[in-house]
Amino acid sequence: VYEQNNSAMIFSTTATERFRVTSDGLHIGGTGAANALGDYEEGTWTPSVTFGNGNTGVSSGASSGSYTKVGRLVNASGLLLLGSKGSSTGHARITGLPFAAGSGNSMNGAVIFGYIERISFSEVLLGLVNTDATTVNLYEAVSGNVTPNAITNSDFNNSTALRFTITYQTN
């Protein structure tokens with residue numbers, strides 16, 4: 001059923017209203033502020049890497065990414081190809097996420113690695129989205145250890161390749 005009045009277009013079944021388009025935007029499942037879809041966006045981003053917050057001599061080869069943002073939820077995919085890992089040292093971090101992650105422990109998100117080449121670790125590669133930032137720290141989960149080990153510049157080589165998907169929330 002479609003109905004239009006001066007303030008809204010209403011799409012519904014005979015039992016319940018499904019969504020409403022008003023001058024305030026799209027409302028799904030109700031007309032309250034919690035039901036408003038405030039933002040939808042698609043775009044591209046370029047992932048890169050730092051070691052110990054530095055990127056001296058780091059060069060990328062054909063790194064690329066895309067994202068979809070619906071409300072506060074961001075789903076970003078990326079391909080990180082190194083041309084050179086450079087001379088910076090320390091904890092490895094993927095940088096350049098399209099939006100800063102939100103505050104609080106529930107905002108850390110999920111990182112799934114679909115392709116990993118020329119990076120050394122023995123068990124499971126993990127990514128932790130940093131709150132209030134556009135970065136992901138890389139770790140190695142090791143059986144029997146409560147705390148994961150940091151992945152560092154020494155685990156990378158000049159042609160490391162990572163393909164990944166990250167889902168997280170913004171503020």
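Predicted model: local features only at pLDDT ≥ 70, side-chain atom pairs only at ≥ 80, totals over all residues.
Visitor: What makes the largest nonpolar core a core, and which residues have the most contacts inside it?
Guide: A nonpolar core is a set of buried Ala, Val, Leu, Ile, Met, Phe, Trp, Tyr and Cys residues joined through side-chain atoms within 4.5 Å. The largest such set here has 26 residues, and Leu138, Phe156, Leu162 and Phe164 have the most contacts inside it. Two or more residues come from each of β7, β10, β11 (92-95), β12, β13 (124-129), β14 and β16, with β16 giving the largest share, five residues.

Visitor: How many helices and strands does the protein have, and what makes a run count as one?
Guide: Helices (H or I, at least four residues) and strands (E, at least two) are DSSP runs, numbered from the N terminus. By that criterion the protein has zero helices and 16 strands.

Visitor: What makes β16 a partner of other strands, and which are they?
Guide: Two strands pair if DSSP finds at least two bridges between them. Strand β10 (residues 73-85) pairs with β16 (residues 156-169) in the antiparallel sense over nine bridges, and valine 74 stands opposite tyrosine 168. Strand β12 (residues 110-119) also pairs with β16 in the antiparallel sense, over eight bridges; there isoleucine 116 has leucine 162 as its bridge partner.

Visitor: Which residues does leucine 162 touch beyond its neighbours within four places in sequence?
Guide: Contact means heavy atoms within 4.5 Å. With those neighbours left aside, the contacts of leucine 162 include Gly78, Leu80, Ile94, Phe113, Ile116 and Leu138. For the protein, residues 24 or more positions apart account for 63% of the contacts with a separation of 6 or more.

Visitor: Why is threonine 135 called buried?
Guide: Buried means under 20% relative accessible area, exposed over 50%, and partly exposed in between (1.4 Å probe, protein chains only). Threonine 135 has 13% relative accessibility and therefore counts as buried. This residue lies in strand β14 (residues 135-141). Buried residues make up 35% of the 171 residues in the protein.

Visitor: How do you know that the side chains of threonine 135 and asparagine 130 make a polar contact?
Guide: A polar contact is a pair of N or O atoms within 3.5 Å; within protein, one must be able to donate a hydrogen and the other to accept it, and residues adjacent in sequence count only if both atoms are side-chain atoms. The two side chains make such a contact at 2.8 Å. Another polar contact, at 3.4 Å, joins the side chains of glutamine 169 and arginine 72.

Visitor: Why is glutamine 169 called partly exposed?
Guide: Its relative accessible area is 29%, so glutamine 169 falls into the partly exposed class. Glutamine 169 is in strand β16, and its C-alpha is 8.8 Å from that of asparagine 75, 94 residues away in sequence.

Visitor: What makes phenylalanine 51 and phenylalanine 156 an aromatic pair, and of which kind?
Guide: Rings of Phe, Tyr and Trp (its six-membered ring) pair if their centres lie within 6.5 Å; planes under 30 degrees apart count as stacked, over 60 as edge-to-face and the rest as tilted. These two rings are 5.0 Å apart centre to centre with 80° between the planes, and the pair is edge-to-face. It links strand β7 with strand β16, the two residues being 105 residues apart. Both phenylalanine 51 and phenylalanine 156 are buried. The whole structure has four aromatic pairs, and ring pairs link Trp45, Phe113 and Phe164 into a cluster.

Note on methods:
Residues numbered from 1 in each chain as written. Heavy atoms only, no water.
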